[in-house]
Amino acid sequence: MSTIVAPVRFGDVDLTSCDREPIDCPGSIQPHGVLLVFDRRDLAIRQVAGDALALLGLEPRGRTALTLFDLFETEALGPMVERLAAPARTVAPSILLGLAPRLGQRRLNATIHAEDELGIIELEPAIRAGATVSGDAMSLVKAMVAAVQAVDGFEAGFRIAAVQVRAALGFDRVMVYRFLRDGSGTVVAEDMAEGLESFLGLHYPASDLPRQARALYQRNWLRLIPDAGYGPAPLEAVAAGDTGAAPDMSQCILRSVSPVHLEYLKNMGVAASLSISILHQQTLWGLIACHHRTPRHVTADLRAACELFGQIFSFHMAAWIEADSARRRIKARAIQESLTARLLQSPDAAIPSVLVAGGGSLLDLIGSSGVAVWLEGELHTAGETPPAAFIAELVSWLAGQPGPVIETCQLSAVFPPALPFVTQASGLLAVSLSHRTVGYVMWFRAEWVRSITWAGDPRKPVEVGPLGERLTPRRSFDAWREDTRQQAAPWEAMDIEVAHGFRHWLLETVLRQVDRIRRERETALERQSLLMAELDHRVKNTLASIQAIVWHSMDSSTSLEGFAGALVQRVHALAYAHGLMAAAHGKGVAIRDLIESELAPFRSAKAAKANNLRVAGADIVRGAKVRAGFRRGLIMG
């Protein structure tokens, strides 16, 4: 029976439901700007949020039946209308600087985008860039990118990114925040003002950033909250009778923020924040998070510069990751080639023993404390591994797991019999080796006892606060240490990739080549057996012939001298006939020549003179089998 989950309204949430809060449709904005929702077809304004009187000179009672042409000069709307005329379902945000309204007294910066039939224009006062910026936004981006290009590798790159963003925006603290595989995150780089407590190395639980918030960070490169203490400005319908349904505001820079998040920032002592997304392979990898102790606005041109920097920095980070991965792939390929050579040089040796023996073994392929290979009931190990009986039990469990690769950094949590062996096998990375029989390579990692420093106790994330009797974000972010046990160092994505590559290589290359060599050897053995059988048959025939020669020589002789002479003549005839057939090289021998050669030793000089032996008939050539039978008949006769 399925459970019905009640819908959640924006702002009416606590930590038990904040991951379902519709933060993409808040129905309100941050009040430092004005947001207009209009129809893309006729540019008629449908909804308004913010102080339209201050920025546009628009009285509340004069909002009905308005179009964008009533608010801005036609020439100014040209670029805007051209973009909004695009047939695409969505129009990516674009910025128009220094837009002059018809009635307002201040120039405005406009951010324009669209969803379906609706267009959205966000308006902010055109404030000059702060004193921390030298030159225009493009020059700023070039300088920031050049600084990143001057370093190589993650640690230095993250540090430079934090320094460059803080120099450009002037926030009190800028952190580079990386998400881990379990959803939690850690601060990997930081640049901050003097007197602040460092957050470098602190971990944050996954609950600090709900899943739908991560999805928005993945869609939008930048998120700004200039004043976390703001009061939201609701979105109001212009035309009478309009339902005023909140549009999708995912792309809006003015979009209102969840009250839970605002309280979270307040508990941290943060009055203004800006976040730049770091993406890798279209996935949210981390954030460049900026915090300030007092309200701080960032102009549209600076936001565009930081957004561009975030994109370029993501490309650089992807290049660093790919370079590191390439080094791992080259190392893995070299080890596999070494293993291939050893397997082919020793086809009789058991595959498991070759895989774990000597240098360039599976222990070198993936960083681990021990490795075991189980194939067709045969086990070979290297390094520190649990007992064979446990490995046999583990293999039975693995056979029931889905997928060719199974990995965990806390084996005892999913396979309780591993608990006594956490010192050797807290982590497991296993790959299936055979489609027909049970076979696995298992890499083990020992227990990694370590202290994780959390930003506050992750087991006490909530307290009853100003939102009422419900769960709210924790108030304390003091460093809290937790010792982890029964866990190993997590397997990295590259470890999993190498494991998949190893499995494919072993199944498709090595085992196939070893099987081919074995088949060739079996074929050679079969041929050798046939040759031995033929040789045995011929030896038996030869021995039978010799036995018959002796027997007939004894039967036809009356004295020892006669027996010896007859035996010598018959053996000589046999050897002479064999030589004659061998000289023919299997082409056949004329019966006349064979008869003459066989009779020659029996002809005495007197008989020859009397010409009492004559051979007559056609000159017929016969093959080896006929010759051999005919020859034996003559000799025996």
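1. Let's start with a strand pair: strand E15 (residues 370–375) and E16 pair in the antiparallel sense over six bridges. Gly 370 stands across from Gly 383 in E16. Strands here are DSSP runs of E with at least two residues, helices are runs of H or I with at least four, and both are numbered from the N terminus. Two strands count as paired if DSSP finds at least two bridges between them.

2. A word on what you are looking at: this is a predicted model, in which local features need pLDDT of at least 70 and side-chain atom pairs count only at pLDDT 80 or more, while totals for chains, interfaces and linings use all residues. Residues are numbered from 1 along each chain as its sequence is written, and side-chain values use heavy atoms, with hydrogens and water left out.

3. Back to that strand pair and its sheet. Five strands form an open sheet in the order E16-E15-E19-E18-E17, with antiparallel pairing. Strand E16 (378–383) and strand E17 (405–408) are the edge strands, each pairing on one side only. On average, neighbouring strands of this sheet are turned by 10° against each other, direction ignored; the axes are lines fitted to C-alpha atoms, and angles in general run from 0 to 180 degrees between N-to-C directions.

4. Strand E5 (residues 108–115) is worth a visit. Eight of its eight residues are buried, so E5 is largely enclosed by the rest of the structure. Buried means under 20% relative accessible area, exposed means over 50%, and partly exposed is in between (1.4 Å probe, protein chains only). Leu 108, Ala 110, Ile 112 and Ala 114 point one way from E5, Asn 109, Thr 111, His 113 and Glu 115 point the other way, and all are buried.

5. E5 and strand E6 (residues 118–125) pair in the antiparallel sense over eight bridges, and Ile 112 stands opposite Ile 121 in E6.

6. Leu 43 has a positive phi of about 65° although it is not a glycine; Leu 43 sits in the loop between strand E2 (34–39) and strand E3 (45–50). Leu 43 counts as buried, at 5% relative accessibility. Gln 282, also a residue other than glycine, has a positive phi near 65° and is found in the loop between E13 and E14. Gln 282 counts as exposed, at 65% relative accessibility.

7. In helix H2 (residues 74–84), Leu 77, Met 80 and Leu 84 are buried. Seen down the axis of H2, these buried residues fall within an arc of 60°, so they line one face of the helix; the arc is taken from the directions from the helix axis to the C-beta atoms. The face turned away from the buried side of H2 carries the exposed residues Glu 75 and Glu 82.

8. Finally, strand E10 (222–225), strand E13 (272–280) and helix H6 (259–268) are among the elements that give two or more residues to the lining of the second largest cavity. H6 gives the most, with four residues.
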